[in-house]
Protein chains: 4
Amino acid sequence: MSLGFSISPASDVPIFRQITQQIQRAVATGRLEVGEQLPPVRALAESLVINPNTVARAYQELIRDGVLESRSGRGVFVSKRRQVFANSERIRRLRLATEQLCHEARLLDFTVKEVQALLAETWQALESQAEGSEPPSKKTQK
Amino acid sequence: MSLGFSISPASDVPIFRQITQQIQRAVATGRLEVGEQLPPVRALAESLVINPNTVARAYQELIRDGVLESRSGRGVFVSKRRQVFANSERIRRLRLATEQLCHEARLLDFTVKEVQALLAETWQALESQAEGSEPPSKKTQK
Amino acid sequence: MSLGFSISPASDVPIFRQITQQIQRAVATGRLEVGEQLPPVRALAESLVINPNTVARAYQELIRDGVLESRSGRGVFVSKRRQVFANSERIRRLRLATEQLCHEARLLDFTVKEVQALLAETWQALESQAEGSEPPSKKTQK
Amino acid sequence: MSLGFSISPASDVPIFRQITQQIQRAVATGRLEVGEQLPPVRALAESLVINPNTVARAYQELIRDGVLESRSGRGVFVSKRRQVFANSERIRRLRLATEQLCHEARLLDFTVKEVQALLAETWQALESQAEGSEPPSKKTQK
DNA sequence: GTGGTCTAGACCACG
DNA sequence: GTGGTCTAGACCACG
């Protein structure tokens, strides 16, 4: 199962975005280590049963963002550059995403308690999902 | 005072969606009251410097969702608020929105506590906004 | 066999509405199955000799109502059936439709018995149509 | 209260259509007799708080259909011509309206029993409404 | 090739 | 003057 990537084709999140997110997450948690090589575009595309262009695009975007780097003729690797976002940028993005959730929830007539509960539950689910496919590491201890 | 709608054409959020969000927001906070008339399609289009069709589409969508209603030949009005979605659908939509926040937050390496805190704060801010512009009523008591 | 959609441009029912009705019908009777792909916007537009935007609008509306779903770059598909509307909203919509029939029938000087009889007969016809094109299943037993 | 006409401005049925329907009904039930004069356009418009053009349009359409007739300079009267629809036309229209209700109801997941019940109830309501504003007549006995 | 969004402009129904 | 529908055509994102 190598990297444990998976995509849901019916989702409204574009496939290439699902891939970039999973790679980012794998790098962030150490499942993919600095300098490690990523699967060739065609191999990953085949194993996910998707178009190679889509994988290529995901890699491309992460190369642009400095998460990956391409060594010509040899493949794509996890880049040494790490800190992707400045702190202010992290907070700005979180704030935006939080506001969107609040708006939606209020339109749908939920209470803040209900949202908090679902958030905790959802986080928990993602957590255990991530742990399941990760090798033991400092990150998973927290 | 006008309704203070504004759009940023460069955003990746479609213009018509920016409009529906602002109208929803205005209705939720009481800035637009039940029965109140919205600006004519052409007028709003002109003031936002966009095509009337785009405004019409935003209105149309909110009419379908029961937020607005069209009175033929006379204009578009805020309709009496009613629960349009089944509980299962409400939860489905909340779940989607929550997952998006969780994913984003985890990519940005926040803890669940940090997210919960920001959520509470954001909700609080929206709450007091809504109360501030509503006339005193039973609703604000609860 | 194609889906046999057809529109009459002279009707007072808007074209996009004629399309949504026919798709709903096809889904309800099982002629279109869950997960099945709909004809591409451009193809359907061409075969009906109408503008692609009009087809797109019909698809769009059914996507919002949860009947169809769009998979980006790949097309539009019949989505898993789910109850989108709250009970109050379901009843509100049924009530509207019923009032329209009653008004029409009374203008035409029919008795309630006559209407009830025709209703039963019409329902029956739709029922057997739906069963006829469905694969045998628990549903058809009830 | 003269003819007891009433319109609901928020309805999705156009106002002129609401008027034509009520006049047709009044003629059909004998509340308006052959040869009887209708209220002047301006008077009716004023009493319903609507635009005179709208009333004029309703009268116009009924004149075209032979229900009313205009005697120039003296006003608009209930015409002697009666039979508005051939029997085949009556049935065709009823069938259409019935099918529409059935489709809507089935999409909303109602059973035929539920629809029948609501139909009976709705009819009943219209009946007593009509009786309330009608003078006793053969029609109201049935 | 697939749908999604937007503009420009026309025509219509309703009031 | 109000919104509703439709066409024609462009450009974009995704695969």
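This report looks at the DNA contacts, the cavity and the chain arrangement of a predicted model.

## Ground rules

Residue numbers start at 1 in each chain as its sequence is written, and chains are lettered from A and ligands numbered from 1 in the order written. Local features need pLDDT of at least 70 and side-chain atom pairs pLDDT 80 or more, while totals for chains, interfaces and linings use all residues; side-chain values use heavy atoms, without hydrogens and water.

## Around DNA strand F

DNA strand F has 27 residues around it, and the closest are A:R57, C:I15, C:N51, C:N53 and C:T54 (near means a heavy atom within 4 Å). The nearby surface splits into 12 nonpolar, 12 polar and 3 charged residues.

For C:R57, a side-chain atom sits 2.9 Å from a phosphate oxygen.

## The cavity

Searching the whole structure turns up 1 cavity of 30 Å³ or more. In the search, a cavity is a set of points on a 1 Å grid over the protein atoms alone where a 1.4 Å probe fits but cannot get out, and lining residues have an atom within 4 Å of a point. The largest cavity holds about 70 Å³, and its lining includes B:R64, B:V84 and C:F85. That lining counts 3 nonpolar, no polar and 6 charged residues.

## Chains A and B

Note on methods:
On a 1 Å grid over the protein atoms alone, a cavity is a set of points where a 1.4 Å probe fits but cannot get out, and a pocket is an open set with protein on both sides within 12 Å along at least five of seven lines; lining residues have an atom within 4 Å of a point. Grid points are joined across faces, edges and corners, and a volume is the space filled by probe spheres set on the points. Ala, Val, Leu, Ile, Met, Phe, Trp, Tyr, Cys and Pro count as nonpolar, Asp, Glu, Lys and Arg as charged, and the others, Gly among them, as polar. A polar contact is a pair of N or O atoms within 3.5 Å; within protein, one must be able to donate a hydrogen and the other to accept it, and residues adjacent in sequence count only if both atoms are side-chain atoms.
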